[in-house]
Amino acid sequence: MAEEYMIESVARAVRSARRSRGLSLDQLAARAGVSKGALVALESATANPTLGTLVRLADALGISVSALVERTRERAVRVADAAAVKPLWQGPRGGAARLLLTTATAAPVEFWRWQLAAGERYESHPHPPGVVETVTVIKGTAVVGVDNTEHVLSAGMTGTFAADVPHSYRGEQPSGTQFLMTVHLPALEGRGAAE
């Protein structure tokens with residue numbers, strides 16, 4: 001039931017954001033690099049989108065992933081329990097990515113918690129110019145690939161990069177890798193807490 005509610009919530013959010021920007025289904029599909037059929041299925045709540053699809057749509061709409069998946073709006077204090085947040089990505093070996101929350105500001109920041117099993121990898125397409133990702137490893141070792149160059153980050157290390165190039169994350173420890181990631185989205189004119 002909770003997953004069904006989330007699918008319907010995402011469908012409403014995508015449809016509303018697309019319409020408020022005056023985009024047709026064809027235009028948004030082309031901008032996001034997804035098929036029109038997948039977009040129609042998503043907007044009609046008959047498909048459960050992947051994390052990659054959600055990121056592509058958020059990028060194309062100029063909003064945060066949270067604006068597509070969160071049910072509630074900003075409160076004075078927000079607390080996120082990673083154990084209570086459904087993963088938006090699950091790896092083949094047990095890894096998971098959870099979007100904990102996003103600040104509701106003109107330049108939103110998404111807060112993610114990642115777990116990767118040894119050898120498990122997530123590849124991301126380039127985001128729009130101005131998007132910056134920061135990774136802080138809290139357990140194990142993460143290999144962060146940025147534009148075909150790998151950077152090894154051990155527990156306690158933090159790395160940051162412009163995410164407008166292909167990038168990836170890979171776990172390197174047999175006991176698993178955990179890291180926190182922030183995605184800093186560029187400020188857009190007219191964007192604010194309503195997004």
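**Notebook: loops, a strand residue and a helix pair**

I started with D147, which counts as partly exposed because its relative accessibility is 43% (buried is under 20% relative accessible area, exposed over 50%, partly exposed in between, with a 1.4 Å probe and protein chains only). Before going on, I noted that this is a predicted model, where local features need pLDDT of at least 70, side-chain atom pairs count only at pLDDT 80 or more, and totals for chains, interfaces and linings use all residues. Residues are numbered from 1 along each chain as its sequence is written, and side-chain values use heavy atoms, with hydrogens and water left out.

**Two loop residues**

D147 sits in the loop between β6 (141–146) and β7 (149–154). Helices (H or I, at least four residues) and strands (E, at least two) are DSSP runs, numbered from the N terminus. I looked up the phi of D147 and got a positive value of about 50°, although D147 is not a glycine.

Next I checked A45, in the loop between α3 (36–43) and α4. Its phi is positive too, near 60°, and A45 is not a glycine either. A45 counts as partly exposed, at 30% relative accessibility.

**A strand residue**

Is Q178 buried or exposed? Q178 is buried, with a relative accessible area of 17%. I found Q178 in strand β10 (residues 177–184). Leaving aside neighbours within four places in sequence, Q178 is in contact with R113, W114, Q115, T136, V137, I138 and K139 (contact means heavy atoms within 4.5 Å).

**A helix pair**

Then I looked at helix α2 (residues 25–32) and helix α4 (residues 51–61), which pack at an angle of about 110° with their axes 8 Å apart. That makes α2 roughly perpendicular to α4 (roughly perpendicular is 65 to 115 degrees). Which residues of α2 meet α4? I listed L28, R31 and A32 in α2, which meet R56, L57, A60 and L61 in α4. The residues of this contact divide into 5 nonpolar, no polar and 2 charged. For those classes, Ala, Val, Leu, Ile, Met, Phe, Trp, Tyr, Cys and Pro count as nonpolar, Asp, Glu, Lys and Arg as charged, and the others, Gly among them, as polar.

**The whole chain**

Last, I zoomed out. The chain has 5 helices and 10 strands. The C-alpha trace spans about 45 × 40 × 35 Å along its principal axes. Buried residues make up 47% of the 195 residues. I also noted that, among contacts between residues at least 6 apart in sequence, 65% join residues at least 24 apart.

Terms used: Axes are lines fitted to C-alpha atoms, for helices over the stretch in contact, and angles run from 0 to 180 degrees between N-to-C directions. Angles under 35 degrees count as roughly parallel, over 145 as roughly antiparallel, 65 to 115 as roughly perpendicular and the rest as oblique.
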